[in-house]
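Dear colleague,

Please find below the structure that I am handing over to you. My notes on it come after the sequence and the coordinates.

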There are 2 protein chains.
Amino acid sequence: MGLIVMKVRMKEVAKTAGVSTATVSYVINKTRFVSEEKKQKVLQAMEQLGYTPNSAARSLRSKKSYTIGLIVPDINNFFFTGIIEGIEQVVQSNGYQLILSNSNENFANEKEQINRFNSQLIDGLIMAPTADDHSFLCGTLGEYPVVYIDRKPNGCFGESVLVNNSEVVYEAITYLIKAGHEKIGILTGIKDLTTTRERLAGYQKAFSDYGLQLDNSLIKTGDSRYKSGYELTKEVLNNKDITALFVANNLMTIGSMEFLREKKINLPGELAFIGFDDYKWSSIIIPRLSVIKQPTAEMGRKAAEILLKRIKEEEQNNYSKEYRLTAKFYLRDSC
Amino acid sequence: MGLIVMKVRMKEVAKTAGVSTATVSYVINKTRFVSEEKKQKVLQAMEQLGYTPNSAARSLRSKKSYTIGLIVPDINNFFFTGIIEGIEQVVQSNGYQLILSNSNENFANEKEQINRFNSQLIDGLIMAPTADDHSFLCGTLGEYPVVYIDRKPNGCFGESVLVNNSEVVYEAITYLIKAGHEKIGILTGIKDLTTTRERLAGYQKAFSDYGLQLDNSLIKTGDSRYKSGYELTKEVLNNKDITALFVANNLMTIGSMEFLREKKINLPGELAFIGFDDYKWSSIIIPRLSVIKQPTAEMGRKAAEILLKRIKEEEQNNYSKEYRLTAKFYLRDSC
DNA sequence: CTGAAAGCGCTTACAG
DNA sequence: CTGAAAGCGCTTACAG
């Protein structure tokens, strides 16, 4: 206390152990054979002096930071925290650090953060890109590998970990159609996201496959936030005599439910309802919500594994590849 | 594409601009006066060459990483993501990066992460410590400032951003008592957390102030997870004829509600209920939940501001100070 | 007002 | 099997 302790350097460790700094480094990194005797001396000296390597020096010299960047559009969205949990697990157990950034679904924030990352700060990047044009990334790419998660960027290649959006929505809508519904409203998230396009495609395909007429006025596009779920539900219910509603985004699902609750609309009696993404609360509301559930932690793990593999192999980041994990339709009591 | 682009270094920028690297550095960091003419030349050269500084080199030399560490016990808990959002805002707008780590409420994980941080990786740390003995930190402290959030560590000093736990719980319990309840169950989180102790103290003080007999069998200690909320609710309801229940932790609130829903227990008719922490879903369940709401984003912002101030002032981290923000009791329909 | 140069603490080719 | 030493790319005291 009060005493300012000088940080111990590798030089001191080497001196105490009676070896060169090279040997200390090789012991720490296990990058060259070191005799058992010297190894023990080094380990003991490190222990005794309380040595911790300086990561800035290591990064500068080795050109590796053992840090990966992550950009998500909304840290308060439980879908993304599920993903983060999965990423964290893999990153941690491989000795990497995770730098988190929240783009807030804003392209300018996202670009700014990428610029900050472009300074040998990270060895690789995982991101869920905003809906804007990302072709600018193609140029920057190659500095470090990038893996996209949840959504693909518009205008650029790379590996991505996605979900079978179109198929699972097709399944849910088909369920509604088979239950006799023909007027089925759909509330989507942000217009230009690949997730939005794919989920909408699943909806449209179900209509077409079952010979039903598509009514574009039953398709409402929101901004992926709570409030637009509320507003669009009001809109679609006021103007249309739909018998079923599908909400293709999680926060909008909550907003939508808020409106339905306020108006005391009985589910599934007056309206069959299917939401998106699952959290523990979806089983404590009445009725228990039928939802499409994505394997969030698994998505995160997969993305992190791919990225670390890329980093280790030092492959060129010049091809596209999609990994599609399986989202599932959970039939509960709201439809 | 295919072409591997050599990273541009400060040396090239200096050469292009016709100045020394020192001048380039001073322009970038605004740490010394540079004539307008040279400044423009430098900025233009940087732009032209697409220069981004190497952060490892900068960190090594300046002994600042412009990075702060954050350790939370559960990334999937919306209370902590609210905090993270606040921290993120402040950190971003001050040009710092945020390294996130999930301790998973596990002391060993936490210690391991702190060790990784102890390598000149971070300039400061914000953490919500686990319930274990943290006196080991006192020794390490001084390397970088630490701000605790939500909870105080057991056995060590420092600044902390907390909430008026005891007072706000006192207010909620008092409300129940005034409404005529005398048998009020309480479900708490992990035993040795300061939050648990303080919330329990508020409960006990209300009983004592209103001359009610404390029944320790109505106090159940959980592990802050969903499942223990479910189990303890079952336990307390099976053995006791309580008329009101207070759950002092957010995930346990959901677990508790799950049990109540299963048993079709009518709120507030058969049981008055108050939960902890608020999220959008608490207003879509029936009845709308009465809860204690913490100012999560504000807590995060406050902690980040304190930490950055500390980092800039290079003060010694050798005093304790508590900031208590105000949590509020939201009376809705469940009690 | 600006530059030459030392040096932060590592890793790693080179040499033996 | 191991060491001496160069050098990663910056920042910053020193000097003028």
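The notes below go through the DNA surfaces, the contact between the protein chains, and then the sheets and helices.

The model is a predicted one, in which local features need pLDDT of at least 70, side-chain atom pairs count only at pLDDT 80 or more, and totals for chains, interfaces and linings use all residues. Residues are numbered from 1 along each chain as its sequence is written, while chains are lettered from A and ligands numbered from 1 in the order in which they are written.

Helices (H or I, at least four residues) and strands (E, at least two) are DSSP runs, numbered from the N terminus.

Helix 2 of chain A has the largest share, six residues. The surface near DNA strand C comprises 12 nonpolar, 10 polar and seven charged residues; here Ala, Val, Leu, Ile, Met, Phe, Trp, Tyr, Cys and Pro count as nonpolar, Asp, Glu, Lys and Arg as charged, and the others, Gly among them, as polar.

DNA strand D also has 29 residues around it, and S35(A), M10(B), A22(B), S25(B) and A57(B) come nearest. Here helix 2 of chain B gives the most, with six residues. The residues near DNA strand D divide into 12 nonpolar, 10 polar and seven charged.

**Contact between chains A and B**

Two residues are in contact if their C-beta atoms, placed from the backbone, lie within 7 Å. On this basis, 44 residues of chain A are in contact with 45 residues of chain B. At least two residues each on the chain A side come from helix 4, helix 5, strand 2 (97-102), helix 6 (107-117) and helix 11 (250-262) of chain A. Helix 5 of chain A gives the most to that side, with six residues. By class, the chain A side has 21 nonpolar, 17 polar and six charged residues.

Strand 1 of chain A runs parallel to strand 2 of chain A, and six bridges join them. V72(A) has N102(A) as its bridge partner.

Strands pair if DSSP finds at least two bridges between them. In chain A, six strands form an open sheet of mixed pairing in the order 7-6-8-9-10-12. Strand 7 (219-221) and strand 12 (328-330) of chain A are at the edges with a single partner strand each, so one side of each has no neighbour in the sheet. From one strand to the next, the twist averages 15 degrees; axes are lines fitted to C-alpha atoms, for helices over the stretch in contact, and angles run from 0 to 180 degrees between N-to-C directions. Strand 10 (residues 290-293) and strand 12 of chain A pair in the antiparallel sense over three bridges, and I292(A) stands opposite F329(A).

Helix 8 (residues 165-178) of chain A lies across strands 6, 8, 9, 10 and 12 of chain A, at about 30 degrees to strand 12. Helix 10 (residues 226-239) of chain A lies across strands 6, 7 and 8 of chain A, at about 155 degrees to strand 6.

Chain B has an open sheet of six strands in the order 7-6-8-9-10-12, also with mixed pairing. Its strand 9 (residues 272-276) and strand 10 (residues 290-293) run parallel, joined by three bridges.

**Two helices of chain A**

The expected span of a helix is 1.5 Å times one less than its number of residues. Helix 12 (residues 296-313) of chain A has 18 residues and should span 26 Å, which agrees with the 26 Å between its end C-alpha atoms. Its buried residues include M299(A), I306(A) and L307(A).

Helix 9 (residues 194-209) of chain A reaches 22 Å from its first C-alpha to its last, close to the 22 Å expected. Its buried residues pack against helix 8, strand 6, strand 7 and strand 8 of chain A. G211(A), which follows helix 9 of chain A, has a positive phi, near 65 degrees.

Yours sincerely

Technical notes:
Buried ≥ 20, exposed ≤ 12 C-beta atoms within 10 Å, placed from the backbone. Near = placed C-beta within 6 Å.
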